[in-house]
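I begin with a loop residue and then turn to peptide bonds and strand pairing.

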Amino acid sequence: MWQLTEKKSTPVYQQIIEQIINYIQNGTLQPGDKLPAERKLADYYQVNRSTVVHALDELVSLGWVLRRQGSGTIVNEGNWGRSTTPRVDWRSLFTQEAHPKEPFLEKLQQLLNDPEAIDLYSGELPLSLIPDFRFPSYTWEELLLEERKQSPLGYRPLQQVICQRIETEQKIKVSSNQVLITSGAQQAMFLLLQVMLQSGDSVAIEDPSFLYSLPIFASAGIRLYGVEMDREGMRIDKLEQLILTKKIKLIILNPTFQNPTGSMMSNRRRNALIDLSRKYQLPIVEDEVFREMNFNEIPPSLKELAPHQVIHLGSLSKIFGSSIKIGWIVADQDLIQRLSEAKQMMDFSISVFPQVIAHTALTDSRFEHNQAVLVGTLKQLAQAFLKGAEAIADDWEVSEINGGIYVYLTWRHQHLTRKDWEIFLREKLLIAPAFLFSNDTMAMRVNYTRMTKQTRKQFFAKLQTISKELRRS
């Protein structure tokens, strides 16, 4: 295992780095695994100890391994601060994994098609809840005429509707040249990384956050750093420490019905975040895909509080499912123009067809009514879940549900390990453990909207059984 069999012109220390990263990416080395001592590695590789030390130092700085006093060198159990190393052999890019495999997710994916499994992992509404709307028939000629309404920023009628909705809901007046249509929120995020950052730059996100496991950051060579949260959202004091110590270039967060915790950033904390971003002249990317799923009045968006400081991301995929993969970026005109140019250079063109569907959905006369019905149904499902959760309250702390599709459950007892969460897979309860969003292993995200009356009863019965087993372990 610890040999360099292929002769390369690159320095030996770099070959060692690439081999160890490859072992981590393909699963040969697992999170928490201990590497051999430096002297043993030097013997295995038949090199000086200083060469091994150099390689390990680089791996530590790149975030792939950690050195702990008395424990030696271990594989990093999380993604915080991880970055890629430049690869001299470009051919290896076609044979190596772009992102380390997560064993838990691989097993979960296999269970998604099992009819006995209860899927509370998927981040979408069940089909039965997705609002219906009338879709007019189009001839091919009519679609070609709609194609002429496309601009480099997107389908103009859809842009105009988005502008109107933003003005109505968030009290922000934006023009079409400040809105770029994308193929979902993840493409929007990818474009922002390409235009605003360089490889090696650092980004602050919430801890925990769904962004933690997205491969787009590692692919772009961006280092992620998590900011601790409390009941009001991202802690500003912790964020300021990171800005000073890690040279943060961008802040990305999900302040309304945060994924995975479902929490809401308070109005006071939102203003404090804006003040801090102005102090250090740092842009904020606000991901607001759950905003329209609110049960009560919610605080102003960050974009409303600071129109020129905040880049706003929106999407229809949470309401209409991934079949309508349409998102948008709202920002100042100069940035939108740069993002549009990058989108064209990368050939990230979007067919007019899904944009026409999105426009039809948003302008349907029943849309507002259907959305109100959806929110009412979600509220009933949330209340039913919280009622059922009373049976497991001694073992799990359950977050409030004020909107969105997620609820967060935190284990109240002894420390859990990754292996403990295998019990859920055995019981065919498909949930999202906290280690998919952070280094934490003590909580889980549940999509409560995917539960019927029957599966909710099964879920809490199985959770009680699992909790007893966890307590015994």
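Entry 1. I located Gln281 in the loop between H10 and strand E11 (284–287). The model is predicted. I read a positive phi of about 55 degrees for Gln281, although it is not a glycine. I noted for comparison that most residues other than glycine have a negative phi. With a relative accessible area of 61%, Gln281 is exposed, since the cut-off for that class is over 50%.

Entry 2. I then looked up Lys247, which lies in the loop between helix H9 (236–246) and E10. Its phi is positive as well, near 55 degrees. Lys247 counts as exposed, at 66% relative accessibility.

Entry 3. The bond from Asp207 to Pro208 is cis, with omega near 10 degrees; Pro208 sits in the loop between strand E7 (202–207) and helix H8 (215–219). The bond from Asn259 to Pro260 is also cis, with omega near 25 degrees. I placed Pro260 in the loop between strand E10 (248–253) and helix H10 (267–279).

Entry 4. I traced an open sheet of four strands, ordered E14-E15-E18-E17, with antiparallel pairing. Its edge strands are E14 (396–398) and E17 (432–433), each pairing on one side only. E17 pairs with strand E18 (residues 443–447) over two bridges, and Pro433 has Met444 of E18 as its bridge partner. I found helix H17 (residues 453–472) packed on this sheet, where it touches E14, strand E15 (406–411) and E18. The direction of H17 makes about 25 degrees with that of E15.

Technical notes: Residues numbered from 1 in each chain as written. Predicted model: local features only at pLDDT ≥ 70, side-chain atom pairs only at ≥ 80, totals over all residues. Heavy atoms only, no water. Pairing = 2+ DSSP bridges. Contact = heavy atoms within 4.5 Å. Axes fitted to C-alpha atoms, helices over the stretch in contact; angles between N-to-C directions. Buried < 20%, exposed > 50% of the residue type's maximum accessible area, 1.4 Å probe, protein only.
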